[in-house]
Amino acid sequence: MHAFFLYTLIVIIKIVVVFAVTLGSVPAIVLVERKVLGWMQVRPGPNRVGPWGLLQTMVDGAKIFFKENVIPNHVDMLTYQLAPILVITPALVISSVIPFGPDIVIAGHRIPLSITDLDLSLLFFFAVASLTIYGVVLAGWSSNNKWSLLGGLRSAAQMVSYEITLSLAAVGVLLLCGTFSLHAITEQQGGGFWYWNVFRQPLGFVLFLLAALAENNRLPFDLPEAESELTGGYHTEYSSMRFAYFYMAEYMNLFLTASVMAVLFLGGFEPPYPHQFGTSWLEGVHGIIWFGIKVGFFVFLYIWVRATLPRLRYDQLMYLGWKIMLPLAFLNLLGTAVFIAYGWQWWQMGLVWLIVLILTDLVVGHILWRRRRALH
Amino acid sequence: MLSIDLLKGFAVTLKHMFRRRVTVQYPEQRRIETASFRGRHRLQRYADGRERCVACALCASVCPSEAIYLEAAENDSEHPTSHGERYAAVYQIHLLRCIFCGFCEEACPEDAIVMGPQYELAQDARAQCVIDKTIMLTPREEGFGTYDFDFPPPQVG
């Protein structure tokens with residue numbers, strides 16, 4: 001009975017902490033994004049509220065919380081109210097399977113540093129992450145507005161197209177690791193950065209990165225909410241906290257996808273030098289710090305991409321998704337399976353995929369160059 | 001190669017991240033106005049205190065947004081307001097209509113109306129945006145104002 005109580009308490013504490021961090025990542029990432037975008041555009045970014053503008057997103061959150069919640073007359077009430085919840089819930093649910101540190105032992109109890117250490121956590125991630133799209137499509141449809149509907153439909157088409165590439169790119173890692181558990185995948189990459197999957201699966205990494213950008217509706221692929229075309233897309237008719245839900249879900253998904261990418265390809269909480277994790281809480285902090293650094297790297301990469309690349313046209317998006325990335329994902333899966341069957345060394349596999357990546361680069365670059373020349 | 005082109009773009013944004021910011025932190029810092037800055041209009045005086053404006057109304061006729069209204073009056077021969085025969089009894093500029101093009105300044109044969117350095121022109125009411133001589137005329141204490149093109153006043157015969 002005592003052990004059960006303690007176990008429950010630990011789980012509750014972990015849930016509270018993880019949800020707080022996931023929700024808290026939203027204002028943090030928004031602030032960092034606005035700051036970094038500002039710097040890249042040779043301006044200082046928010047710097048008025050609080051020291052160095054640190055409280056800007058807090059104040060924005062308070063403002064949006066107290067705004068009037070306008071519901072237009074022409075919406076479909078049930079789905080309209082349901083959509084923001086359907087968008088934000090998957091993001092929070094996904095956060096429960098992210099392993100952010102090694103197991104630690106406190107008072108004789110082994111505590112894994114994730115809310116739950118599912119055996120199928122990667123599958124769980126894909127299953128729940130793809131539910132987000134229901135909220136987006138329902139939001140677009142229930143708004144009863146042409147542009148919102150277009151935004152929702154674009155989102156549906158885009159997420160369906162890129163979901164396949166995303167999953168297939170991850171299957172390469174699954175073949176290497178032989179497990180669905182994110183915790184086990186992380187531990188298999190321990191012992192130095194040369195064990196990280198990014199060096200075994202460079203092609204899979206690039207595919208996963210691009211597909212994740214598209215899944216999160218980040219800038220080169222942010223067609224569902226293209227401001228200049230759709231005046232905001234599926235969340236045009238939303239205001240106040242309902243709008244904030246969409247916004248928060250977007251940034252939470254960014255944070256969580258960055259986490260999964262760190263786990264799959266950069267060894268999660270494993271440091272880049274050989275290190276055997278002990279079981280003290282200090283070792284847990286050690287792991288969490290490395291995990292944070294890797295997630296931060298991906299978040300910065302996302303912001304950097306946003307500052308650099310322009311938005312694709314819709315046909316270009318579909319061209320890239322179906323004609324370039326999907327075949328490559330299949331090739332990656334097939335090749336990895338063959339390499340594993342023949343027992344290749346990791347560096348041989350990495351080298352082959354790197355060569356394939358460079359060849360793809362050349363071929364795609366050539367196709368684009370020819371297309372551009374044909375237009376002139 | 002596609003990736004090299006992409007990396008070039010990424011390098012550009014990364015370089016800009018460490019550039020010096022160009023933003024002026026407005027209420028605390030201010031941009032230094034150049035002599036050619038076109039802010040709110042001023043009506044100049046000669047060093048002896050007389051107004052330059054002789055109410056020829058060229059400014060009002062050249063104004064593309066018809067923001068200038070003026071009424072002329074004869075000078076009192078004992079105590080002339082301007083150096084010419086007439087002076088502007090009423091001189092109003094509607095700042096909400098003004099587009100700060102500076103044509104009035106160019107048209108003025110007496111260099112009486114100039115575009116000054118003031119640019120903080122927000123007001124509480126529309127009526128306050130119609131400014132007249134009490135606001136535009138350079139105060140007597142300032143002599144002929146800050147603009148350095150004073151000629152000796154012509155003698156009124």
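From the N terminus on, the secondary-structure elements of chain B follow the order α-β-α-β-β-α-β-β-α in this predicted model, and the chain accordingly has 4 helices and 5 strands. Chain B comprises 157 residues, of which 32% are buried. The accessible surface of chain B comes to about 10,100 Å², and 55% of that surface belongs to carbon and sulfur atoms.

The phi angle of B:Ala57 is near 70°, which is a positive value in a residue other than glycine. With a relative accessible area of 28%, B:Ala57 is partly exposed, because this value falls between the limit of under 20% for buried residues and that of over 50% for exposed ones.

A positive phi is also found in chain A, where the residue concerned is A:Trp52, with a value near 60° in a residue other than glycine. A:Trp52 belongs to the loop between helix H1 (2-40) and helix H2 (56-65) of chain A.

The two chains are in contact with each other, and the contact draws 18 residues from chain B and 20 residues from chain A. The area buried between chain B and chain A is about 1,700 Å², and carbon and sulfur atoms give 69% of this buried area. As for polar interactions, 8 residue pairs are in polar contact between chain B and chain A, counted where both residues have pLDDT 80 or more. By class, the side of chain B that touches chain A is made up of 8 nonpolar, 6 polar and 4 charged residues.

The count of salt bridges between chain B and chain A is 1. This salt bridge is formed by A:Arg48 with B:Glu28, and the closest N and O atoms of the pair are 3.2 Å apart, a distance that meets the criterion of within 4 Å for such a bridge.

Conventions. Residues numbered from 1 in each chain as written. Chains lettered and ligands numbered in written order. Predicted model: local features only at pLDDT ≥ 70, side-chain atom pairs only at ≥ 80, totals over all residues. Heavy atoms only, no water. Contact = heavy atoms within 4.5 Å. Buried area = accessible area lost by both parts, 1.4 Å probe. Salt bridge = Lys/Arg side-chain N within 4 Å of Asp/Glu carboxyl O. Polar contact = N/O pair within 3.5 Å; in protein donor to acceptor, adjacent residues only side chain to side chain. Nonpolar A, V, L, I, M, F, W, Y, C, P; charged D, E, K, R; others polar. Helix = DSSP H or I, 4+ residues; strand = E, 2+ residues; numbered from the N terminus. Buried < 20%, exposed > 50% of the residue type's maximum accessible area, 1.4 Å probe, protein only. Areas by Shrake-Rupley, 256 points an atom, 1.4 Å probe, with all protein chains shown as cover.
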